[in-house]
Amino acid sequence: STGAALGARITESPPAGPYGFTFVPNLQVRVTSGLVVNSSGDSTDASAGDGVCDTGGLNAAAQTECTLRAAIEEANASSGSDAITFDMPTADGGHSAGVWTITPTSALPAVSDPITIDGTSQSGASAATSVSPAAIDSSLAIELSGTAMPGAEMALQLVAGSSGSEIRGLAISGFDGGTTAYAIGVQASSDNVIAGNHLGVSASGATEGANYIGVRIEGASTGNRIGGSLAADRNLFTAHDYAHIDIGGAGATGTTIQGNDFGLLGGGADAVGATPTGITVWNGSSGTLIGGSDPAAGNRIRGAATGVVVDDNTIDAFASVVGNRIWDNTGIGLDLGNDGVTANDANDADTGPNDLLNAPVITSAAGASGNVDVDFDLDAPTGSYRVEIFANPGGADYSGYGEGELLVGNDSFIHPGGGSVSFTISVPGANGDELTATATEIVGADSFGSTSEFSAAITAAPNGCADSDSDGLCDLEEDANTDLDNDPATTPGPDTDGDTTPNYLDADEDGDGTLTAAENADPNADGDPRDALDSDWDGQPDYLDLPITVATDGTVDAEQKISDTVGGLTAVLDDGDSFGRSSASIGDLDGDGIVDIAVGANS
């Protein structure tokens, strides 16, 4: 019966064969092959609901024509799940160099019944073969272009009734006519999969073509997945006017975003077009997982004004950001509140997006034998936290916080609550690495809650701390950390010599012409100058003492009264005591540039 056509009648009636099969005469057989798009045209279906995709015309190969528009109309009119595949001839008018371009002139029908649209079914298409964090190497064959659309339209919409749908293997670009122009919109539809697509970029992955938004999820839409940890599931997001992915509204919950590339071209090259935001989670949307503990689930996010924004409008939004690479964005990598760097607060008592979870504070990082020991403080509520450490070969963020170019290690820590607690994690690396960190709540086995912003960056150094002026002293100590934020750049730090360069950036902090590194500022090499030499007992270490000029005309340049209450003398002076009867110059014994004097005692 091989080769039987749709609706053919099998009339042969031989006896039962050796395997027990019996051929039944006059059995009606219907072969269901799905809806096969064989034309890049835009005509409607001639009779939606009759089970056949047919515009009433012929395609370039003289076959009954089935367009994408007609296939969606037919799928919507039927009950149950439908599959749309592609088999376009090379003679099709939309074909060029192995790519077939569909250019709708008006909005395609919103999908209102479960559907699978698989562009990889077209001859010549190939899905990605490498998992994250390798570059996406997919090459697609079906493009949807919005260049002929009259206004702000979506390319594909999944609406109520479409739950359980899948959109795969399509290149969608040029849908940028306004704020409601999306490549793929999901509204009041759940458990859908958007995988293996090129959004804002051509089928080859080489040419940018902006949409306003790549994927927009809103309304009562739960459990949707964008990408995945399998190579073939990875989406390539390249150029968008507003955001690559925008998730908004209290009903948009439980979205998973994994394995995707953002702001990159196929093969991993940097895209040129800038996108304001990589991923936006806002207006009460919750339970979004960006990445995951599986390395293949991590997203690569670059080239946006801000990598990930978690914001709220009416109620708190929250998202877990785990296992990703976020780098080379013009703004900060991860922004809670869409307002720039959020300062930590004592006992982490504030609220807002992701509960404004405090970021770790890296206090030191020292490299040895191929590893870096990272000491950090975390002030967070009682609970378990995953702390991720990132290296930034391209340099720290302009803000000094983040980003996260390479995930080099992570570990779990239990925090008792009640304030800042110190922890240590060892990661692969070396001195000179620019390191940052994030913290994420652990709520169950491989289940996460809120993620913090990135910590301030620190350079791994032999003495374990950042040393911006190379004087052997930790920046944090030279700042004295008067505002308790563990950031030497704020409030704004001492400037002993008044030259407008704060001490932690000034190689000669007292302006005496001798580098601080040569003034015995850190005698025990602990990075802390507060135990430095104070040879004149004035309460200030020598490396901060201003220059002292020695008079050459016999006059006294300076004087110091000594008593039992001033001058640093700890003994009690009695009436009639004297220091001696003579004095003599004995040279500069302590090397501080001042001639020392010996006093002769009474004989």
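Strand 12 (residues 182–187) and strand 15 pair in the parallel sense over five bridges. Strands here are DSSP runs of E with at least two residues, numbered from the N terminus, and two strands pair if DSSP finds at least two bridges between them. This is a predicted model, in which local features need pLDDT of at least 70, side-chain atom pairs count only at pLDDT 80 or more, and totals for chains, interfaces and linings use all residues. Residues are numbered from 1 along each chain as its sequence is written, and side-chain values use heavy atoms, with hydrogens and water left out.

**Confidence**
- The protein chain has a mean pLDDT of 87, and 85% of its residues reach 70 or more. pLDDT is the predictor's confidence in each residue, from 0 to 100.
- Residues 1–33 have a pLDDT below 50. Beyond near neighbours in sequence, this stretch has 27 contacts in the model; a contact means heavy atoms within 4.5 Å.

**Around strand 15**
- Strand 15 covers residues 211–218, and eight of its eight residues are buried. Buried means under 20% relative accessible area, exposed means over 50%, and partly exposed lies in between, using a 1.4 Å probe and protein chains only.

- Nine strands form an open sheet with mixed pairing, in the order 5-6-8-11-14-17-20-23-26.
- Strand 5 (95–96) and strand 26 (325–327) stand at the edges. Each has a single partner strand, so one side of each is left without a neighbour in the sheet.
- Within this order, strand 11 (residues 171–173) and strand 14 (residues 198–199) run parallel and are joined by two bridges. Ile 172 has Leu 199 of strand 14 as its bridge partner.

**Cavities**
- The structure holds three cavities of 30 Å³ or more. A cavity is a set of points, on a 1 Å grid over the protein atoms alone, where a 1.4 Å probe fits but cannot get out; lining residues have an atom within 4 Å of a point.
- The largest cavity has a volume of about 50 Å³. Grid points are joined across faces, edges and corners, and a volume is the space filled by probe spheres set on the points.
- Its lining includes Val 321, Val 322, Glu 388 and Phe 390. Strand 25 (319–322) and strand 30 (383–391) each supply at least two of the lining residues.
- The lining of the largest cavity divides into six nonpolar, three polar and one charged residue. Ala, Val, Leu, Ile, Met, Phe, Trp, Tyr, Cys and Pro count as nonpolar, Asp, Glu, Lys and Arg as charged, and the others, Gly among them, as polar.

**Backbone details in loops**
- Ser 132 and Pro 133 are joined by a cis peptide bond, with omega about 15 degrees. Pro 133 sits in the loop between strand 7 (115–118) and strand 8 (142–145).
- A cis peptide bond also joins Gly 402 and Glu 403, with omega about 10 degrees. Glu 403 is in the loop between strand 30 and strand 31 (406–415).
- Asn 338 is not a glycine, but its phi is positive, near 55 degrees. Asn 338 lies in the loop between strand 27 (334–336) and strand 28 (361–368), and is partly exposed at 47% relative accessibility.
- Asp 355 has a positive phi of about 55 degrees. Asp 355 is in the loop between strand 27 and strand 28, and is partly exposed at 40% relative accessibility.

Conventions
On a 1 Å grid over the protein atoms alone, a cavity is a set of points where a 1.4 Å probe fits but cannot get out, and a pocket is an open set with protein on both sides within 12 Å along at least five of seven lines; lining residues have an atom within 4 Å of a point. Helices (H or I, at least four residues) and strands (E, at least two) are DSSP runs, numbered from the N terminus.
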